[in-house]
Amino acid sequence: MSGRKVRIWFNRSFAVGYHYINAVRHNEDGMEFEIYGTHRDPEHVSLRACDHTEVEPVLTGEAYAEYCLDFCRRHQIEVFVPRWGMRYVVAAADAFAEMGVKLVCCTDRELLDQVEDKGNFFLSAEENNLMIVPEYRLVHTAEEFKEAYEELRDMGLSVCFKPTRMEGGVGFRIIDPHYDPLTALFDSVSAKMSYEQAYHALSQTDTFPEIMVMELLEGYEYSIDCLATPEGELLAAVPRRKAGGRSRLLEEVPELLEIARKVAQFYKIPYNYNLQLIYQGNVPKALEINPRMSGGLHMTCLSGVNFPYLAVKMALGYPVAPQTPEYGLLTSYVEQPVLMQGQTAQ
């Protein structure tokens with residue numbers, strides 16, 4: 001590998017971006033990087049892992065993509081790992097390619113639409129026999145919500161709902177038939193609410209952005225962190241199970257690894273992505289696909305697989321062999337104090 005430093009940029013990310021940037025910097029090959037980071041918050045902790053930083057302007061859509069292209073021109077960026085505004089960046093993928101910038105993300109816009117929209121993903125997963133999906137209904141009005149809720153309730157299922165195009169737990173609610181608003185008022189904040197509350201809120205408008213009403217999955221929850229080639233070869237997959245509190249078990253589960261293999265071959269999502277499934281009894285059921293590094297990937301890297309760096313290495317054209325993760329590891333995480341002034345924290 002060349003002895004010169006590769007110029008790499010990480011745009012606006014969550015706090016865990018601090019760990020992913022350092023995973024790239026402290027890689028096992030000794031490849032050297034000059035790391036650029038941007039965020040709207042000039043004091044965001046992820047910037048402390050970077051050599052050069054800049055405050056991002058408040059932009060969206062094509063304007064944000066133009067900012068990204070300009071940033072790459074100004075700083076002669078060779079590799080760009082987009083997190084925020086990834087769809088805007090992908091829409092300008094050809095322009096980045098013309099500049100010689102390697103994007104470490106899925107650049108297939110149709111594929112992103114297929115997997116990021118939970119309704120599209122469930123339909124695709126079911127039609128192509130990739131995994132079992134929960135019972136669900138897609139609704140746009142309060143009356144459709146009422147009908148969907150009653151259908152699932154009459155099937156003997158507990159019910160929850162969430163927007164089809166939100167990330168993480170945003171908008172997720174559990175309908176609790178025994179919900180007591182007075183008790184809830186003096187309890188910790190939760191995602192539970194009554195059917196009447198949900199129906200009343202949704203009735204305030206004629207239509208609303210699509211919501212998925214679905215059976216509540218109540219078994220073990222797994223996030224499967226994956227590393228794959230653009231051709232669909234799965235190089236690593238580590239199921240990470242919630243094991244109480246902050247504990248996560250990196251567990252070898254053959255049926256989940258087979259699902260990960262089938263998903264890699266079918267969708268061909270490149271680099272890092274994450275599958276989420278929850279068991280209902282003995283059956284793992286699909287929850288979502290995140291075509292990006294997950295929020296818990298820093299724990300999965302304790303398996304011995306440097307997921308962030310290997311994705312960058314692959315994007316740069318270097319060969320990456322199938323990995324051999326260490327399973328059976330119980331992991332957790334703690335807050336890490338970081339000095340926000342002075343020498344760059346690396």
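In which helix do E258 and R261 both lie, and how many residues apart are they? Select helix α10 (residues 254–267): both are there, three residues apart, about one turn of the helix. Helices here are DSSP runs of H or I with at least four residues, strands are runs of E with at least two, and both are numbered from the N terminus.

Before going on, note that this is a predicted model, in which local features need pLDDT of at least 70, side-chain atom pairs count only at pLDDT 80 or more, and totals for chains, interfaces and linings use all residues. Residues are numbered from 1 along each chain as its sequence is written, and side-chain values use heavy atoms, with hydrogens and water left out.

**Salt bridges**

Stay on E258 and R261, which form a salt bridge with the closest N and O atoms 2.3 Å apart. The term means a side-chain nitrogen of Lys or Arg within 4 Å of a carboxyl oxygen of Asp or Glu. E258 is partly exposed at 33% relative accessible area, and R261 is partly exposed at 32%. Buried means under 20% relative accessible area, exposed over 50%, and partly exposed in between (1.4 Å probe, protein chains only).

The whole structure holds 21 salt bridges. Next, select R165 and D117, whose closest N and O atoms are 3.4 Å apart in another salt bridge. This pair links distant parts of the chain, 48 residues apart: R165 is in the loop between β7 (159–163) and β8 (173–175), and D117 is in the loop between α5 and α6. R165 is partly exposed at 41%, whereas D117 is buried at 8%. Then show E54, D70 and R74, which are linked in a network of salt bridges.

**Aromatic rings**

Move to F266 and Y267. Their ring centres are 4.9 Å apart and their planes stand at 85°, so the pair is edge-to-face. Rings of Phe, Tyr and Trp (its six-membered ring) pair if their centres lie within 6.5 Å; planes under 30 degrees apart are stacked, over 60 edge-to-face, and the rest tilted. F266 is partly exposed, with 35% relative accessible area, while Y267 is buried at 5%. The count of aromatic pairs is 19.

Now select W9, Y36, Y64, Y67, F71, F80, W84, Y88 and F96, which form one aromatic cluster. A charge sits over a ring if NZ of Lys or CZ of Arg is within 6 Å of the ring centre and within 35 degrees of the ring normal. Elsewhere, R241 lies over the face of Y220, at 4.2 Å from the ring centre.

**Positive phi**

Most residues other than glycine have a negative phi. N129, not a glycine, has a positive phi of about 55°. Find N129 in the loop between α6 (118–127) and β6 (136–139), where it is exposed at 59% relative accessible area. Y271 also has a positive phi, near 70°. Y271 is in strand β14 (residues 271–280) and is buried at 12%.
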